[in-house]
Amino acid sequence: MGFKFSKDKKTIAILFGGISTEHEVSVITGLQVLNNINRDKYNVIPIYVSKSGVWLTGNHLATTETYANLDEIPLKSAKVNFDLNQPKYISVKSGLFNRNIKIDTAILCFHGGSGENGSVQGMLELMQIPYTGAGVLGSSIGIDKVLMKEILIQNDIFVVKHLYFYDYKWNSNQQEVIRECEAELQYPMFVKPASSGSSIGITKVKNAKELVNAINVAFQFDEKIIIEQGIEGYKEINISVFEDANGNLKVSEIEEVFSSNEFLNYDDKYKSSGTKSQGMASTKREIPAQISPKTKSLIEDIGRKTFKILNANGLARIDFLVNEKLNKYYVIEINTIPGSLSFYLWKPKGVSFTSLIDKMVESAIARYDKQSKKVSRFNSNILQNFDASLKAPKVGG
Ligand SMILES: Nc1ncnc2c1ncn2[C@@H]1O[C@H](COP(=O)(O)OP(=O)(O)O)[C@@H](O)[C@H]1O
Ligand SMILES: [Mg+2]
């Protein structure tokens, strides 16, 4: 499929798209990585997962124009297959041609869905392909706003007060759910699908009627929802944390992001006025955030701690709501695959996007090597003489 590869270079697959409400945002992150990866150093393979879940490749997938019509892409692209009996390789099929390509590292640019929730991570584990970012467990925890918060509470990290419900409860007793929310929380509240992203399916509500509507909306996206105490007069502060190949945690510059309305919505995040969207890099922001040195070092500390507690790896972004006067610092969420991989937070620290990508690849390979050295076999002789009949042993006479 037209790839010209050098034997001396590592081969890097860049994965993006996927079945997710954040499909388009992921395409932007993927293209940004494709445009900034050092092609003198790596053989590069774009892998685009369509909205219906077809895995595709071809050099044309590295060009923005290709995405003007998503429906046409499968017709023009080669298919990517994974074979469990051929670990570390993908096979690329185009017409009658089939080519096997060894992948040294996969850079994951998915946002939301199976690309960020641990599913793709699990497949890559089985395929023995190193990949960037959190593993299966860290990805699953990171996608679930309820689990993530419960674990942070256990570790004395502050999160906003919240409740959560499954759809069966809502379907059986709406009044009880509303009663519990009003007993525990005050308006405004934030209603979110448990595994949302990019503010999709999230509503800020100010009364019971809005609450009912918002819950119905959130259940369109997930079987579990979280209802949070809405807090006002707080700064929205983000930091990226990176775990290098030696396991050291580095922190990025800190940003403050601004919303145009009541809270940071999809348009605030990705639509810059007048110009083309640059994904998460389009958000209105101030870098560095105007915060005191004390707040800065607190955010850095809590950021590092949150990264480790939530089982993150490689790179993540941790988002806070901060009120310096009240001395309150709430972790709102971790993003295990942040929009635009947070490159704009590393630039002011002297790390270019190209070098961030290098470091992510090195970190992914180091983590894979470390994991591979752990004991995964246990030789015992119990299979040489065993009884599989499952008869209950005779007791007594
Ligand atoms: N409890 C809250 N109080 C005030 N604002 C909130 C609260 N939760 C979320 N927000 C606002 O909503 C936005 C999206 O919420 P978030 O939990 O980060 O979801 P997503 O994963 O979709 O980004 C935040 O960036 C913030 O502007
Ligand atoms: Mg967020």
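Lysine 79 stands opposite lysine 93 in β5. The model is predicted: local features need pLDDT of at least 70, side-chain atom pairs count only at pLDDT 80 or more, and totals for chains, interfaces and linings use all residues. Residues are numbered from 1 along each chain as its sequence is written, while chains are lettered from A and ligands numbered from 1 in the order in which they are written.

Strand β4 (residues 78-81) runs antiparallel to β5 (residues 89-94), and three bridges join them. Strands are DSSP runs of E, at least two residues, numbered from the N terminus. Two strands pair if DSSP finds at least two bridges between them. Six bridges join β5 to β6 (residues 97-102), again antiparallel. Tyrosine 89 has lysine 102 in β6 as its bridge partner. The hairpin of β5 and β6 has two residues between the strands. Glycine 95 takes a positive phi near 60° there.

## The five-stranded sheet

An open sheet runs in the order β14-β13-β12-β15-β16, with antiparallel pairing. Its edge strands, β14 (285-286) and β16 (328-335), each pair on one side only. Two bridges join β13 (residues 249-257) to β14. Glutamate 256 stands opposite glutamate 286 in β14.

## Nonpolar cores

The largest nonpolar core holds 75 residues. Ile14, Leu15, Ala106, Ile107, Leu108 and Cys109 touch the most other members. Domain 1 (10-131) and domain 3 (233-368) both give residues to this core, so it lies between them. Apart from it lies another core, of 16 residues, among them Cys181, Ile202, Val205 and Ile215.

A nonpolar core is a set of buried Ala, Val, Leu, Ile, Met, Phe, Trp, Tyr and Cys residues joined through C-beta atoms within 7 Å. Buried means that 20 or more other C-beta atoms lie within 10 Å of a residue's own, with C-beta atoms placed from the backbone. Domain bounds come from an automatic or database domain assignment.

Cysteine 109 touches Ile14, Leu15, Phe16, Ser26, Thr29, Gly30, Val33 and Ile337 (C-beta atoms, placed from the backbone, within 7 Å). Residues up to four places away in sequence are not counted.

## The shell around ligand 1

Ligand 1 is surrounded by 20 residues (C-beta atom, placed from the backbone, within 6 Å). The closest are Phe190, Ser199, Glu228, Phe263 and Leu264. Strands β9 (189-193), β11 (224-229), β15 (315-323) and β16 each give two or more residues to the shell. Domain 2 (161-229) and domain 3 (233-368) both contribute, so ligand 1 lies between them.

Definitions and conventions
Buried ≥ 20, exposed ≤ 12 C-beta atoms within 10 Å, placed from the backbone. Contact = placed C-beta atoms within 7 Å. Helix = DSSP H or I, 4+ residues; strand = E, 2+ residues; numbered from the N terminus.
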